[in-house]
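Here is a short note for anyone opening this structure for the first time. Take a look at the chains, then read the points in order.

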Amino acid sequence: MGFKKYLARKTGVYLITFLFAVTLNWLLPRLMPGNPIEAMLSSNLGLAPGEKEVLMEYYSQLYGLDKPLWEQFVNFWVSLFHGDLGYSILYRAPVTDLIKHALPYDVVILLPAIVLSWVVGNWLGAIAGKNKKYDRYTMPLFYFLASMPYFWFAMLLVYFVGVRAGWLPYQGAYDPAIIPSLSFGFISNFLQHWILPFLSLFIVQIGSWAIGMRNMIIYELEADYVRYLEALGGSEKLLTKHAYRNAILPQVTGLALQLGLMVAGAIATETVFNYPGIGVLIMNAALSQDYFLLQGAFLMVVISVLAANFIIDIIYAFIDPRVRTSYTEG
Amino acid sequence: MPRRNRMETVKIAFRNRKFQFGFGLLMFFVIFALIGPLFTNFAWDGLYYEKVGKVELASYSGRHLPPMSREEIWTYTGKKVEVLHILGTDIQGKDLYAQLVYGLRTSLWIAALAAIIGTILGVSIGFVSGYKGGWVDEILMMVVNIMLVIPAIVLLILVAAYLSARSPEIQALIIGLTGWPWVARAVRSQTLSLKNREFVSLARLAGQSDLRIIFGEIMPNMVSYVFMAGILQFSGAILSSATLDFIGLGPTTMVSLGNILQKAIAHNALQFGWWWWFIPPGLIITLIITALFFINLGMEEVFNPRLRRGGE
């Protein structure tokens, strides 16, 4: 069973990456100059008198800062597996709870934006690769789109669609006057707030997918197998079909490699819309030096990206016949 | 491989339309960043400074004035000065044109520095990994693959948040330190394909040292490649630094393009419709990255004629 071997190897690689990321997460604050906990507690978070001493003790105990390094490391892992990521002073809540509440908003925005932009971008890119006239007019546009910082495009959307035209709401995930429920009113309100953040990620991403696909198609259409097929009298539709199948594979790998950039885009975009996902948590945590929240969010982002990469790797094994046969026959 | 005269390659590049466009656009912004301050009376923070003896005293302008507005401001000593706000002012009465020019300087400087750091790191690691092979390669590539999967931006945020005083150079350093894996991977695969070519084997037979082979034989064949990787690093660095600044983790001592955008958001410039505050900085970032894209495209066509499409 070759596929099992493939799966085991991939799992191993991602496990090592995960270990590395967590270790980095643990190590970084210890490498930084100064005492982060003290800095965090003495920053202007508005602590009540006496609260600081209690928290100081809580954190020193939690992180066992007086113990030897290896013990601190083990303790860090133990608390991690108990789902304990510390306590956010900024929000006065456990970090795990905060992340649990924020994560669905990220999924709701990012997942459709990534999937749809990938589909639409590849489609537009394939047309550009085949049609020179269309290519001439659309490529500069795609390059312009791909060059835009997500958050700037988000700002343009807010300004032109939200403020100037007043068509759509642009603050938060839903109207604060509405209580979340499964009613029609809430869902439509939620969707209205969802459109602009979604569009800002979706449209910008289309550009880079289209560029990648266009180049791949041009490259594949000149490959020997397409020439051969052409010489055999294959129809243009058939040629394109085969070229497309080969061109789409690197785009699947590209999806995995682009995830990091999209996360970066989402973090900044959420701050524009004040959309209550992890991005806003990260920004607020970074600005008020709420390190536990920051580290928890970092861990969450890394785990999500790793999981997504893992899934893409598995899908890739299924759609690329070369990988599939090398593992089922070898 | 017949070596083409280097100058000839440069000439071909400059004849390429895409390269011309990209290079021209980039140079426009570089020159703008250099001479832009000549057209304004304001200092980098958008304030008007007046020298009184040895100290310089700042005076503010009118608040959120639209572009090209002229006004008369009173300095500290009671003098009246007529000034022109080419791009208007922000909510604190600071000139935005001055902030934009100096912000562009900072952003270009950060990106260039980060690109140099990232490219040098990536090239050396890629070279060593590809040339040495064996367990050195295995370990280095594992680090590269790990670094590629972990989103650089969260790492940057994490590090930047721990630093209380951030200079542009520090930001460039941390961006460079997270950007190199892309270069390393590309350089490694190029090195792998070059190291078994005849001229390299010949050099090895002649008893040349590893370093001499790398710099004397392999490097010259990869200059174009490394240059292109460097340009990609540059555009990546501009984007990362703008994102960091936008989140509020930018340089604390300087104004930068992302920083202007962050202040615009923080002061609700969008809701009040002060478009001159947030459109120009973002547009400049976008155009610089577009220019870099086109430079790379042009260079790709010069070095890889297969991509050239009839007559272009």
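1. Domain bounds here come from an automatic or database domain assignment. For chain A, that assignment gives domain 1 at 22-84 and domain 2 at 95-328. The C-alpha centres of domain 1 of chain A and domain 2 of chain A are 36 Å apart.

2. Please keep in mind that this is a predicted model. For the complex, the predictor gives an ipTM of 0.87 and a pTM of 0.88. Chain A has a mean pLDDT of 84, with 90% of its residues at 70 or more. Chain B has a mean of 85, and 96% of its residues reach 70 or more.

3. In chain B, the lowest mean, 76, belongs to helix α1 (residues 6-15) of chain B, and the highest, 93, to helix α2 (residues 17-35) of chain B.

4. Now to the place where the chains touch. The contact takes 38 residues from chain A and 33 residues from chain B. On the side of chain B that touches chain A, at least two residues each come from α4 (134-149), α5 (152-162), α9 (223-247), α10 (257-266), α11 (269-272) and α12 (275-303) of chain B. That side of chain B divides into 26 nonpolar residues, 7 polar and no charged.

5. Within chain A, have a look at helix α8 (residues 184-221) of chain A and helix α10 (residues 236-273) of chain A, which pack at an angle of about 155 degrees with their axes 9 Å apart. Because angles over 145 degrees count as roughly antiparallel, α8(A) is roughly antiparallel to α10(A). The crossing of α8(A) past α10(A) is right-handed. Residues making this contact include A:Leu196, A:Trp209 and A:Met213 of α8(A), and A:Ala243, A:Pro250 and A:Phe273 of α10(A). The residues of the contact of α8(A) with α10(A) divide into 14 nonpolar, 8 polar and 2 charged.

6. Helix α3 (residues 96-132) of chain B and α12(B) pack at an angle of about 25 degrees, and their axes are 11 Å apart. That angle makes α3(B) roughly parallel to α12(B). α3(B) passes α12(B) in a right-handed crossing. The contact is made by B:Leu96, B:Leu100, B:Gly103 and B:Leu104 of α3(B), together with B:Trp276, B:Trp277, B:Pro280, B:Pro281 and B:Ile284 of α12(B). The residues of the contact of α3(B) with α12(B) divide into 8 nonpolar, 1 polar and no charged.

Methods: Residues numbered from 1 in each chain as written. Chains lettered and ligands numbered in written order. Predicted model: local features only at pLDDT ≥ 70, side-chain atom pairs only at ≥ 80, totals over all residues. pLDDT = per-residue confidence, 0-100. Contact = placed C-beta atoms within 7 Å. Helix = DSSP H or I, 4+ residues; strand = E, 2+ residues; numbered from the N terminus. Nonpolar A, V, L, I, M, F, W, Y, C, P; charged D, E, K, R; others polar. Axes fitted to C-alpha atoms, helices over the stretch in contact; angles between N-to-C directions. Parallel < 35°, antiparallel > 145°, perpendicular 65-115°, else oblique. Left-handed = near helix turned anticlockwise from the far one by under 90°.
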